[in-house]
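Dear colleague,

Please find the structure handed over below, together with its sequence. I would be grateful if you could read the notes that follow it alongside the coordinates.

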Amino acid sequence: MAEITLAQIDKRYGNVEVLRDINLTINDGEFVVLVGPSGCGKSTLLRTIAGLELASSGDLRIGKRLMNDVAPKDRDISMVFQSYALYPHLTVARNMGFSLEIQKRPRAEIEEKVKRAADILNLSHLLDRRPKELSGGQRQRVAMGRAIVRQPQVFLFDEPLSNLDAQLRGKMRVEIKRLHQQMNNTIVYVTHDQVEAMTLADRIVVLNHGVIQQVGTPLELYDTPANKFVASFIGSPSMNFINGVVTPNGVRIGDSALLPANPAWVNQPEGREVIYGIRPENIALASSGSPHALPLEVSLVEPTGLSELIHGNLFGHEVMLFTTQRSGAAAGDMIAVEVDYARAMLFDAASQKRL
C-alpha cells in the first residue's frame, strides 16, 4: 500500500514560509503531478515527501507509517532528478544496478532486475555502453531504470524532462506514461510545464506561493478552474482575461463595448466588477454576415502549419485567438471574430474566484 497522506504540512526557512497548510492524499497507484510557477513550492513539497527536507509542522505518511523522522533511504522511494547523475565510468547495466550492489544483493538478482527494467525502457541493447555514448533521452531512461530496479513503493520525479529538447520531451512523456501503466506504482511528478501535467496526470495539484490552489483531474481543472490563477496556468495557449462590469445583456468593457453573456450568469448582480475569461480556442473567425461578429485588430500571427495563433486588440484589450483555419491575416488587418459565450468564464475582480 503506497498511499501518501500529507496533513497540515508547513515548511519555513526562518521567516520565509515556503509551504502552508498542505492537505493532500495521493492514492495507491495514482499518478499525481505537482505544477506551478517557479518558486511556488512544488519541488520543496516533493523533497519533503522524499525526506530530503523536513516539514516544519504537520504529518506525512506513506501507507500507514508516519514518515516525519524516517530517513530518506528507509522510505521505500526512488527519485529521478532533472540531472541524470550517472556514473560516467560505469556501463548502463552497472549504473542501473549500482544501488543493489551497495546493498550486496546476489549478482543473479541484480542481473534479473536490471534486465527487467531494461526491457521495460527499451535499453536492453545499450547495457554495455557508457553514458557518454548515449543520447539525452537514453540517459534519462537509464536514470529511470536505476529507480525501477529498486522496486520502490513510490516514484518521485523532479522535472526530469527539462534538459531535453522538445521532440525528446514528447517521446519521454510517452515512455513515462507507459511505465506507469505497466508498473502501476504511485508516482509524484513535479513540472512547471502544464502540457506535461495535462498529458501525464491522473490528478493535478496546482500550487502558488506555497498554497494548494486546486486539485483535480486535468479536464476538471481545464473546464472548472477554481480561480483566475488556475485558469491562466492550465491550458496552452493561456486564457484571455478582460476586465468588465456585469450588465443585463453581458459584460460591458470600456465605455460601450459588450461581450456576450453566458446564460449561467443570470444571477450575477448588475454593476459587479468582474474578469471575463475566454480561451483562445473558444474565439473563432466569424462567418460572413454573422450578427455576433466582433472586430479584432491583428497585431501578430504565429503560423504552425496545423494552426494559427492570432494576437490582436479587441476593444482595447490584448487577446489571442487559436484557429486551425488559415486566416490570411497580417499585422494591421481588421478581422471579424466570434466568442463562444457558452464557454466563457466569469471571475470576481476582487477575489479572482470563478463565479
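The notes below begin with the whole chain and then turn to particular elements and residues.

Please bear in mind that this is a predicted model.

Overall architecture

The protein contains 8 helices and 20 strands. Its C-alpha atoms fill a box of roughly 75 × 45 × 35 Å along the principal axes. Of its 355 residues, 48% count as buried. Among contacts between residues at least 6 apart in sequence, 66% join residues at least 24 apart.

The annotated domain

According to UniProt, in an unreviewed entry, residues 4-234 carry the feature "domain: ABC transporter". Over residues 4-234, the chain is 36% helix and 26% strand.

Strand pairing around S1

Strand S1 (residues 4-13) pairs with two strands, S4 and S2. With S4 (residues 57-62) it runs antiparallel, joined by 5 bridges; here Ile 4 has Ile 62 as its bridge partner. With S2 (residues 16-26), S1 also runs antiparallel, and 7 bridges join the two. In that pairing, Ile 9 is partnered by Ile 22 of S2. S1 and S2 form a hairpin with 2 residues between the strands, and Gly 14 takes a positive phi near 65° there.

Packing of H2 and H4

Helix H2 (residues 92-102) and helix H4 (residues 136-148) have axes that come within 7 Å and cross at roughly 35°. The crossing of H2 and H4 is right-handed. Val 92, Asn 95 and Met 96 of H2 meet Val 142, Gly 145 and Arg 146 of H4.

Asp 348 belongs to strand S20 (residues 345-348). Is this residue, Asp 348, buried or exposed? Asp 348 counts as buried because its relative accessibility is 11%, and the cut-off for buried is under 20%.

Which polar partners does the side chain of Asp 348 have? One is the side chain of Arg 272, joined to that of Asp 348 by a polar contact of 3.2 Å. Another is the backbone nitrogen of Ala 350, which lies 3.1 Å from a polar atom of the Asp 348 side chain. Leaving aside neighbours within four places in sequence, Asp 348 is in contact with Arg 272, Glu 273, Ile 275, Lys 353 and Leu 355.

With kind regards

Conventions. Residues are numbered from 1 along each chain as its sequence is written. This is a predicted model: local features need pLDDT of at least 70, side-chain atom pairs count only at pLDDT 80 or more; totals for chains, interfaces and linings use all residues. Side-chain values use heavy atoms; hydrogens and water are left out. Helices (H or I, at least four residues) and strands (E, at least two) are DSSP runs, numbered from the N terminus. Buried means under 20% relative accessible area, exposed over 50%, partly exposed in between (1.4 Å probe, protein chains only). A polar contact is a pair of N or O atoms within 3.5 Å; within protein, one must be able to donate a hydrogen and the other to accept it, and residues adjacent in sequence count only if both atoms are side-chain atoms. Contact means heavy atoms within 4.5 Å. Two strands pair if DSSP finds at least two bridges between them. UniProt positions are given in the numbering used here, feature names are shortened, and annotations may be inferred rather than shown by experiment. Axes are lines fitted to C-alpha atoms, for helices over the stretch in contact, and angles run from 0 to 180 degrees between N-to-C directions. A crossing is left-handed if the near helix is turned anticlockwise from the far one by less than a right angle, and right-handed if clockwise.
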